[in-house]
Amino acid sequence: MTDNSDNILVRAQGVDKVFKRGSEEIHVLGGLDLEIPRGEFLALMGPSGSGKSTLLNLVGGLDRPSEGVVEVGGKRIDKLSERKLAAWRARHVGLVFQFYNLMPVLSALKNVELPLLLTRLSKAERKKRANVALDIVGLAHRAGHYPRQLSGGEQQRTGIARAIVTDPTLLLCDEPTGDLDRKSGDEILDLLQALNQEQGKTIIMVTHDIHAAERATRTLYLNKGRLSTEPVD
Amino acid sequence: MKYLYLIFSSLKRKKLRTGLTILSIVVAFLLFGYLSAIRQAFAAGVEVAGADRLIVRHKVSIIQLLPQSYESRIEQVEGVDNAAHSTWFGGIYQEPRNFFAQMPVVPEELFDMYPEYVLSDEQKKAWLATRSGAIAGRGLAERFGWKLGDRIPINATIWSKKDGGRTWEFDLVGIYDGAEKGTDTSQFFFRYDFFDETRAFGEGLVGWYTVRVSDPDAAAEVAAAIDAEFANSPSETKSEPEGAFIQGFANQIGNIGFIIMSIMSAVFFTILLVAGNTMAYTVRERTGELAVLKAIGFTDRGVLSLVLGESLALTLVGGAIGLGLSWLLVSMGDPTQGSLPVFYIPTRDIFLGLLLIAATAFVAGIIPALQAQKLQIADALRR
Amino acid sequence: MFNWFSQVISVIGFSIRSIPQRKGSSIAALLGIAGVVAVMVGVLSIAQGIARTMESSAGGDNAVVLRSGSDTEMMSGLGGDEARIIGEAPGIARDDSGTLASPELFVIINLPMRTTGTDANVPLRGVLSQAPKIRNDFKIVDGRMFEWGLNEVIVGSGATEQFTGLEIGSSIEVGQEQWPVVGIFEAGGGVAESEIWVDASVLQSAYRRGNSYQSVYAKLTAPAAFDEFRDNLTSDPRLNVKAMRETDYYAAQSEMVYNLITGLGTLIAVIMGLGAIFGALNTMYTAVSARTREIATLRALGFHSGPVIISVLSESLLLACMGGLIGAALAWLAFDGFRTATLNWSSFSAITFSFDVNFSLLLQGIVFALVIGLVGGLFPAVRAARQPVAHALREL
C-alpha cells in the first residue's frame with residue numbers, strides 16, 4: 001500500500017487487457033495510464049469496442065488486468081484474491097448499468113437493500129438505509145413496487161439507489177442513460193450530478209451521448225487504447 | 001438467514017416450474033416413505049427379536065414336530081434360562097385370504113418369554129380361567145373388529161379334532177398390545193392344554209421352542225449345546241438366534257430390501273434429473289442477475305451457496321410434503337389390508353429421508369451452482 | 001384439409017428440429033419416463049414370472065386329489081387304499097403300465113439359499129413311476145433318474161440353481177441318512193423344477209408314514225372328463241377327498257401373491273408416473289416458452305392453432321415413446337429370465353421362478369409412457385395455442 005497524500009482516487013498504470021480470439025491475441029488497452037482525482041465526474045467516451053467498458057470493469061474490480069497496476073484509494077486491487085476483491089467492491093464501489101440489472105423477483109426496496117446483505121447491519125438498519133437511498137433518488141413512494149411495475153427511468157433510479165446504499169466513494173456508470181428517453185435520461189443525469197456535487201461522489205460514466213458527457217467535469221475519449229481529451233475520428 | 005428472502009424470491013420467479021418441480025420431489029419422498037414402511041414390515045421382526053432368545057426347531061424342517069418332553073431337557077442345558085413351546089396351527093378364519101398366525105402356547109410361559117406382549121392382569125386371569133380362551137394382538141383384533149367375549153371359529157387345515165370336526169371355536173378373552181412400535185400384534189394365541197386334549201393326533205408334540213439364555217453373549221454356545229443334546233436322536237434339532245431365524249424366513253420370501261432399494265434408486269435417479277434440470281434452467285436464465293450479484297460484491301462462493309440454497313429450499317419443501325403425505329398414507333393402513341405384521345415408517349428412515357433431502361438438493365444443485373460460481377462478471381454482463 | 005395437414009407436418013418439423021437446442025431438458029424428461037417404465041415393467045415381471053411358473057405346472061387335462069378340507073398337499077393325507085381307489089377312477093388316461101395316476105408324498109427340508117446362506121423350505125416329493133408322465137415336458141437334463149427303492153434323489157433345475165448342496169454328487173441329509181443327488185431334471189418351467197424327488201417308498205419309511213400319501217396327481221383322458229372324475233370320487237363312500245383341476249389348483253396358489261405384487265407394482269408405477277408427468281410438463285412448458293416467439297410468428301403468418309397444439313403434443317409423445325422404449329428395453333435386459341426363489345405361502349415351501357418380461361408387459365409400459373407424454377404435453381400445447389399473438393411477438 002502506497003501512501004497517497006495527493007488527491008488521486010483512481011490510478012491506473014500501464015494497464016492492458018488481453019483477449020484471445022482463436023490464436024490471435026487482442027490487446028484492448030495496450031498499457032494505458034489514467035489518474036482520476038477525488039470528487040471528479042469523469043465522462044468516458046469512445047467508439048464501440050474501444051475498451052471503455054473493459055477499463056470500467058478494471059477500475060471497478062470486476063475484472064483483473066493482464067498487465068499493469070490499478071490503485072483505488074491508494075490500494076492496489078489488481079492483485080487481490082477473488083474473495084477480497086468481492087469484499088472490496090461491496091464496500092467501495094457502486095455500479096450503475098445500462099439495463100438497470102434489477103432482480104425481477106425483488107421489490108425496489110429489496111433490490112436496494114441487496115448490497116447491505118453483505119454487511120453486518122441489522123435488519124432494521126438495512127431497511128432504514130435502503131429507504132434513505134430510495135428517498136435520495138426520489139422513489140420513496142415506489143418502495144414496494146417490482147421492477148416490471150416501474151418505468152425505465154424509475155428502474156434506473158432504483159439502480160442508482162442500489163449503487164449508493166453502501167455509501168461508496170466511487171460510482172461507476174456504464175451507459176446509464178443508454179436505454180432511456182431524453183427526459184428520463186436528463187433526470188438520471190441530474191441525479192448523478194447532484195450526487196457528485198452535493199455528496200462528493202467520484203463518478204466515472206461511460207457514455208455514447210454527448211449530452212450526457214456535457215454534465216461531467218471532465219471528458220476523456222478512448223480510442224484504440226489511447227486516451228485523449230479531444231475526440232478522434 | 002438474511003439470504004432466505006432472496007432464495008425464496010427466486011423460487012417465485014417461475015411459479016409453475018417451481019411448483020411442478022416441487023411436486024415431482026413430493027412424489028419421490030412419498031414413495032420413499034411408503035416403501036420404507038413396506039421394507040420395515042419385513043424387517044421389524046428381526047429388529048425387535050430378543051438378543052437373548054433362541055429358536056429351537058426340528059433339524060430337517062420347521063414342519064416336523066418335536067416332543068414336548070424336550071422342554072425340560074432344554075431347560076437343563078447350561079445357560080438356558082427358560083424354554084417355551086409353540087406350534088403352528090395354520091387354521092383359516094372365514095376365508096384363506098384372512099391369513100394370520102395362530103399358535104397354541106402355555107400362557108404363563110408366553111408372557112415370561114415375550115415381555116413385549118402386554119396384556120392386563122385382569123385379561124390374563126380370564127385367560128387362565130378359560131380353557132378355550134384365546135388372545136389376539138391389537139392389530140389383528142382391529143382388522144376383524146373383534147371384541148372381548150367374541151367367539152371365534154377357526155377351520156383347521158392340519159389339526160382335526162378328536163370328534164372328527166375341523167372347526168375350532170375360541171373365546172376371545174384378551175387383546176394384547178405391543179410394548180414397542182415394531183412388536184407384531186397380528187398374532188392369535190390359545191391354550192396348549194386345550195389344544196393337546198382336543199386334537200385328533202400328535203399328542204405331546206409341539207412345533208418349536210423359544211429359549212431364553214441367561215447370557216446373550218453365550219447364545220451361540222448354548223445353541224450348540226442344545227443341538228448336541230439331541231444329536232443322534234430321532235428328532236435332531238437346529239437352534240439359532242431368534243433374529244437369524246426371522247431373517248432366514250424373510251429371506252425366503254425374497255430379497256425385499258434389495259428390490260425396494262432398486263425401486264428407490266430408480267425413483268431418485270428420475271427425480272434428480274427433473275430437479276437438476278430445473279436448477280440448470282434457473283441458473284442459465286439468470287446468468288445476468290448472478291453476475292450483478294457478484295458485481296455488487298457477492299463472492300463466488302456466496303453465489304454458489306445461493307444456488308445450492310435454492311436447490312435445498314426446493315427439495316426441502318417437496319421432501320417435507322412428500323414425507324408428510326407418506327406418513328398419512330401409511331397411517332391409513334397397509335396395502336394387504338392387515339396381513340403385514342407391522343406397518344409404519346421407522347424413525348430411522350425419517351432421518352434418512354431428511355439426509356436424502358439434503359443429498360438430493362446437493363446433487364441437483366451442484367453443477368448449476370458451480371457454473372454460477374465460475375461465471376465471469378465481465379463476460380456475463382456483456383451478454 | 002390438405003392445407004391443414006401440410007401445416008401440421010411443417011410445424012411438427014419445426015418443433016422436432018428444435019429439440020437438440022433443448023437437449024438437456026429433453027433428455028431429463030426422456031430418462032425420467034424411462035425410469036418409470038423400467039420400474040413398472042420390472043416389478044410386474046415378478047408377478048408375471050410367478051404366474052407363469054404356476055401356469056406351466058398345470059396341464060389342462062390334469063387333476064389333483066387331496067383329502068377333503070385341505071387346500072394344499074402339506075395339509076393333506078391319503079391312505080394307501082384311498083390312493084389306489086383314486087388311481088383307478090374312471091376318466092384317467094392309461095398307458096402300457098396302467099393308469100396315469102401318481103400318488104405322492106410332500107414334505108419340506110431345510111437347505112441354505114445360495115444368495116443369503118439362510119435356510120429355505122425346499123420341497124421334497126416322494127413319487128411313483130407314473131409321476132414324470134403327468135408333469136409337462138419332464139426330462140432328465142444331467143445325470144440319471146434315481147433307482148427305484150434306493151436312497152437316491154433327483155433335483156429340479158430351479159432348486160439346484162437356488163439352493164446349495166443340490167449338485168450331482170452331493171447329498172442331502174434326511175434324519176441319520178445321506179441321500180445322494182444323482183440327476184437334474186426340468187419340467188417345462190413348472191413348480192416341479194423347484195423340488196427334490198425321491199422314490200415315495202423311501203420317503204415313507206424315512207418319515208414313518210407307513211403306506212400313506214398326501215396327494216394323487218392324475219392325467220385325464222380329456223379336460224372334459226374332469227366332471228365325471230370328480231363326481232365319481234366325491235360320491236364314493238370309501239373316500240373323503242376333493243378333486244381339483246390342476247389349473248385351478250395352481251391358479252389359487254399364485255392368486256394372492258400375484259394380486260399383491262401387481263397391486264403394489266401398479267401403485268408404485270402410478271405414483272412414479274405422476275412424478276414423471278410433472279417432469280414432462282416442466283420440459284414441455286420450457287420448450288413452449290423457449291419457442292414463444294417462433295410459435296407467435298407462425299400464428300401471425302396464418303398458421304392455425306391446431307397444428308401448433310399437435311406439434312407440441314407430438315414432441316412430448318415422441319420423447320415419451322423413446323423414454324418408454326428405453327425403459328422397456330432396460331427392464332427386459334436387466335430382469336427377463338432373472339431366476340430367484342420365493343416362498344409359496346400355500347405350500348409353505350420355496351418356489352423358484354424367473355422374472356417374466358413378456359410382450360404384453362412391454363406394451364403396457366410403452367402405453368403408460370405415452371399416457372405420461374400425452375398429459376405432459378397437453379397443457380403446454382394448449383397454452384402455446386392460446387398465447388395472444390401480438391403480445392408473444394414482442395417477447396424476447
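Helices here are DSSP runs of H or I with at least four residues, and strands are E runs of at least two, both numbered from the N terminus. On that basis chain B has 14 helices and 12 strands. This is a predicted model, in which local features need pLDDT of at least 70, side-chain atom pairs count only at pLDDT 80 or more, and totals for chains, interfaces and linings use all residues. Residues are numbered from 1 along each chain as its sequence is written, while chains are lettered from A and ligands numbered from 1 in the order in which they are written.

**Chain B overall**

- The radius of gyration (over C-alpha atoms) is 29 Å for chain B, well over the 21 Å that the globule rule (2.2 Å times the number of residues to the power 0.38) gives for 383 residues, so chain B is more spread out than a compact globule.
- Its C-alpha trace covers about 95 × 45 × 35 Å along the principal axes.
- Some 48% of the 383 residues of chain B count as buried; the cut-offs are 20 or more other C-beta atoms within 10 Å for buried, 12 or fewer for exposed, and anything in between for partly exposed, with C-beta atoms placed from the backbone.
- Contacts mean C-beta atoms, placed from the backbone, within 7 Å of each other. Among chain B contacts with a separation of 6 or more, 83% join residues 24 or more positions apart.

**Chain A overall**

- Chain A comes to 7 helices and 12 strands.
- With a radius of gyration of 18 Å, close to the 17 Å that the globule rule gives for 233 residues, chain A is as compact as a globular protein of that length.
- The C-alpha trace of chain A spans about 50 × 40 × 40 Å along its principal axes.
- Buried residues are 51% of the 233 in chain A.
- For chain A, 71% of the contacts with a separation of 6 or more come from residues 24 or more positions apart.

**A sheet in chain A**

- Chain A holds an open sheet of 4 strands in the order S4-S1-S6-S7, with antiparallel pairing; two strands pair if DSSP finds at least two bridges between them.
- At the edges sit S4 (32-37) and S7 (75-76) of chain A, each of which pairs on one side only.
- S6 (residues 67-72) of chain A pairs with S7(A) in the antiparallel sense over 2 bridges, and Val72(A) stands opposite Lys75(A) in S7(A).

**Who touches whom**

- There are 2 pairs of chains that touch, and chains B and C have the most contacts.
- Chains A and C have no contact between them, and their closest C-alpha atoms lie 14 Å apart.
- Where chain A meets chain B, the contact takes 20 residues from chain A and 18 residues from chain B.
- Helix H2 (residues 82-92) of chain A gives the largest share of the chain A side, 6 residues.
- By class, that chain A side has 13 nonpolar, 2 polar and 5 charged residues; Ala, Val, Leu, Ile, Met, Phe, Trp, Tyr, Cys and Pro count as nonpolar, Asp, Glu, Lys and Arg as charged, and the others, Gly among them, as polar.

**Domains of chain C**

- Chain C is assigned domain 1 (2-55 + 254-394) and domain 2 (69-239), with bounds from an automatic or database domain assignment.
- The centres of domain 1 and domain 2 of chain C, over C-alpha atoms, are 47 Å apart.
- Contact between them involves 11 residues of domain 1 of chain C and 19 residues of domain 2 of chain C.
- On the domain 1 side, H2 (23-57), S15 (339-344) and S16 (349-354) of chain C each supply at least two residues, and S16(C) brings the largest share, 4 residues.
- That domain 1 side splits into 5 nonpolar, 5 polar and 1 charged residues.

**Close-ups in chain C**

- Helix H3 (residues 80-87) of chain C has Glu82(C), Ala83(C) and Ile86(C) as its buried residues. Seen down the axis of H3(C), these fall within an arc of 100 degrees (taken from the directions from the helix axis to the C-beta atoms), so they line one face of the helix.
- Ile108(C) lies in strand S5 (residues 101-112) of chain C and is buried, with 23 other C-beta atoms within 10 Å.
- Leaving aside neighbours within four places in sequence, the contacts of Ile108(C) include Ser61(B), Ile63(B), Val122(C) and Phe348(C).
- Ile108(C) and Val122(C) are 14 residues apart along the chain, with 5.3 Å between their C-alpha atoms.
- Phe348(C), in the loop between S15 and S16 of chain C, counts as partly exposed with 19 C-beta neighbours inside 10 Å.
- Not counting residues up to four places away in sequence, Phe348(C) touches Ile63(B), Met74(C), Ile108(C) and Asn121(C).
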